[in-house]
Amino acid sequence: MEANLTTAQTGNKVRVHYTGRLDDGEVFDSSEGGTPMAFTIGSGQVIPGFENGVTGMVVGDTKTVRIPCVDAYGEHHSDGVMQVPRGEFPPEMPLEVGTSVQGQQESGQEVSFTIMAVSDEAVTLDANHPLAGKDLTFDLTLVSIEG
């Protein structure tokens, strides 16, 4: 059976130019001016809503898709936010809001935290993905389809 290379479908390797925007219009990611993103539909390499948006497109198609947070990086969970005493960090470690630090959850699993606030007493860390809880809008252009 010959693969259908006219319409993007599960199992196809595709290349896509995209621009991702938040509800306030801020661009959080884009391939414009660079190399198109390559991935295989159905492989889990990108968020589900992105795969769904590309599926069914034809090379040259351009469209805008809105992806609810549950099909992107999930809801923001307050139990992923914690305060850690400032003294638990090495004194020479720079602690700046917005930067990432590596740590362990109580289960022992390694996780990346974003520093949300720093005071003399505590550091507020967030284990949620920075885009968790946010609906995303993508402008997509399908550049190519491979078997």
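Predicted model: local features only at pLDDT ≥ 70, side-chain atom pairs only at ≥ 80, totals over all residues.
Colleague: How many residues lie between E1 and E2 in their hairpin?

Modeller: There are 5 residues between the two strands of this hairpin. Look in the turn for glycine 25, which has a positive phi of about 90°.

Colleague: In what sense do E1 and E9 pair, and over how many bridges?

Modeller: E1 and E9 are antiparallel, with 9 bridges between them.

Colleague: Let's turn to the rings. How is a pair of aromatic rings described?

Modeller: Two things are given: the distance of the centres and the angle of the planes. This structure holds 5 aromatic pairs. Take phenylalanine 28 and phenylalanine 138: their ring centres are 5.7 Å apart and their planes stand at 80°, so this pair is edge-to-face. The cut-off behind that step is an angle over 60 degrees. The pair also links distant parts of the chain, since phenylalanine 28 belongs to strand E2 and phenylalanine 138 to strand E9 (residues 136–146), 110 residues apart.

Colleague: Is phenylalanine 138 buried or exposed?

Modeller: Buried means under 20% relative accessible area. Phenylalanine 138 has 5%, so it is buried. Phenylalanine 28 has 23% relative accessibility and therefore counts as partly exposed.

Colleague: What kind of aromatic pair do phenylalanine 39 and phenylalanine 50 form?

Modeller: That pair is edge-to-face, with 5.7 Å from centre to centre and 65° between the planes. Here a strand is linked to a helix: phenylalanine 39 is in strand E3 (residues 37–40), phenylalanine 50 is in helix H1 (residues 48–54), and they are 11 residues apart. Phenylalanine 39 has a relative accessible area of 2%, so it is buried. Phenylalanine 50 counts as buried too, because its relative accessibility is 3%.

Colleague: Which residues do the ring pairs link into a cluster?

Modeller: The cluster is made of Tyr18, Phe28, Phe39, Phe50 and Phe138.

Colleague: Now for pockets. What does rolling a probe over the atoms show?

Modeller: With a probe the size of a water molecule, it shows where empty space is left. In this model the largest pocket has a volume of about 150 Å³. Its lining includes Tyr18, Phe28, Phe50 and Phe138, which are also members of the ring cluster. Asp29, Met37, Val46, Ile47 and Tyr73 line the pocket as well. By type, the lining has 8 nonpolar residues, no polar ones and 1 charged.

Colleague: How far apart are glutamine 83 and leucine 125, in sequence and in space?

Modeller: They are 42 residues apart in sequence, and 6.2 Å apart in space from C-alpha to C-alpha. Glutamine 83 sits in strand E5 (residues 81–85). Its relative accessibility is 59%, so glutamine 83 counts as exposed.

Colleague: Which residues does the UniProt annotation "domain: PPIase FKBP-type" cover?

Modeller: According to the unreviewed UniProt entry, that annotation covers residues 11–95. In the model, this span is 8% helix and 33% strand, and its end C-alpha atoms lie 43 Å apart.

Key:
Residues numbered from 1 in each chain as written. Heavy atoms only, no water. UniProt positions renumbered as here; feature names shortened; annotations may be inferred. Helix = DSSP H or I, 4+ residues; strand = E, 2+ residues; numbered from the N terminus. Pairing = 2+ DSSP bridges. 1 Å grid on protein atoms, 1.4 Å probe; cavity = no way out; pocket = protein on both sides within 12 Å on 5 of 7 lines; lining within 4 Å. Points joined across faces, edges and corners; volume = space filled by probe spheres on them. Nonpolar A, V, L, I, M, F, W, Y, C, P; charged D, E, K, R; others polar. Phe/Tyr/Trp six-rings, centres within 6.5 Å; stacked < 30°, edge-to-face > 60°. Buried < 20%, exposed > 50% of the residue type's maximum accessible area, 1.4 Å probe, protein only.
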